[in-house]
Amino acid sequence: MPAAASRADVVRLRLQAQGLAGVPLPGAVAVAERMLAVQAQDYPAAQWALGVRSPGATLHDVQALISAGEIVRSWPMRGTLHFVPARELGWIQSLTTPRLLAKTRTTNERLGLDPAVLERAREAAIAARTRAAKTQRGLGQAVQDYARFLGVPLRQTLEADAPASA
């Protein structure tokens, strides 16, 4: 018969499993690899979740790894944003994407989003991201281009995202 674990044992084991205690990991990429997917709906909190598990890492260090593409923010499962190690994203998506696409097929058909429209949107997003990576000015241009592609006036897009005044 196995021995019962004390509350302190359970807490210690849980902190170790989450990378918050025990042997520290050498950096944010190692954290992402260990955890495989870190929920990243709240971008600043997700960066902190990676950094706090890699002692000595700064916010700048974590952001540099994300900018370099070593850690990516994607929708690999459940339609929820996650940080994942870049080298793991492919196999994760090969397992999860077919199910996600099947769930969205009906919605796409109802909205008139046929494969040709989706391909144009994909190409526009890649082009926008490529331009944005080149310069800060490119980021503004990418946002404008994408809003124009979607047929949404940019002013309305920015105002809709602005917090309501108190």
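User: Which residues in helix 4 do Tyr43, Gln47, Leu50 and Gly51 in helix 3 meet?
Analyst: The model is predicted. On the helix 3 side, the residues are Tyr43, Gln47, Leu50 and Gly51. In helix 4 they meet Leu59, Val62, Gln63 and Ile66.

User: At what angle do helix 3 and helix 4 pack?
Analyst: Two packed helices are described by the angle between their axes and the distance between the axes. For helix 3 and helix 4, the axes are 9 Å apart. The angle is about 105 degrees.

User: Are helix 3 and helix 4 roughly parallel or roughly perpendicular to each other?
Analyst: Helix 3 and helix 4 pack at about 105 degrees. The range from 65 to 115 degrees counts as roughly perpendicular. Helix 3 and helix 4 are therefore roughly perpendicular.

User: Where is Arg53 placed?
Analyst: Helix 3 covers 43–52 and helix 4 covers 59–67. Arg53 sits between these two helices, in the loop.

User: Which side chain of opposite charge is nearest to Arg53?
Analyst: Arg53 is buried and has no salt bridge. A salt bridge needs a side-chain nitrogen within 4 Å of a carboxyl oxygen. The nearest side chain of opposite charge is 13 Å away from Arg53, and that is Asp42.

User: Which backbone oxygen does the side chain of Arg53 reach?
Analyst: Leaving aside neighbours within four places in sequence, the contacts of Arg53 include Gly19, Leu20, Leu25, Val31 and Met35. Gln18 is also in contact with Arg53. At 2.5 Å, the Arg53 side chain reaches the backbone oxygen of Gln18.

User: Which residues in helix 2 are buried?
Analyst: Helix 2 spans residues 28–35. Its buried residues are covered by elements including helix 3, helix 4, strand 2 and strand 3. The buried residues are Ala28, Ala30, Val31 and Ala32.

User: Which backbone oxygen does the side chain of His82 reach?
Analyst: His82 is in strand 3. His82 counts as buried, at 4% relative accessibility. Among its contacts beyond four places in sequence are Val38, Ala40, Val72 and Met77. At 2.8 Å, the His82 side chain reaches the backbone oxygen of Thr80.

User: How far apart are the closest N and O atoms of Asp9 and Arg12?
Analyst: Asp9 and Arg12 both lie in helix 1, three residues apart, about one turn of the helix. Asp9 is partly exposed at 29%, and Arg12 is partly exposed at 39%. The two form a salt bridge, with closest N and O atoms at 3.3 Å.

User: How many residues apart in sequence are the parts that Glu33 and Arg87 tie together?
Analyst: Glu33 and Arg87 form a salt bridge at 2.7 Å. Glu33 lies in helix 2 and Arg87 in helix 5, so the pair ties together parts whose separation in sequence is 54 residues.

User: Which residues do salt bridges that share partners join into one network?
Analyst: Arg87 is exposed, with a relative accessible area of 63%. Arg87 meets Glu88 in a salt bridge at 3.9 Å. Shared partners give one network of Glu33, Arg87 and Glu88.

User: How many salt bridges does the structure hold?
Analyst: The pairs include Asp9 with Arg12 and Glu33 with Arg87. Glu88 with Arg87 is also one of them. The structure's number of salt bridges is four.

Notes:
Residues numbered from 1 in each chain as written. Predicted model: local features only at pLDDT ≥ 70, side-chain atom pairs only at ≥ 80, totals over all residues. Heavy atoms only, no water. Helix = DSSP H or I, 4+ residues; strand = E, 2+ residues; numbered from the N terminus. Buried < 20%, exposed > 50% of the residue type's maximum accessible area, 1.4 Å probe, protein only. Lys, Arg positive; Asp, Glu negative; His and termini not counted. Polar contact = N/O pair within 3.5 Å; in protein donor to acceptor, adjacent residues only side chain to side chain. Contact = heavy atoms within 4.5 Å. Axes fitted to C-alpha atoms, helices over the stretch in contact; angles between N-to-C directions. Parallel < 35°, antiparallel > 145°, perpendicular 65-115°, else oblique.
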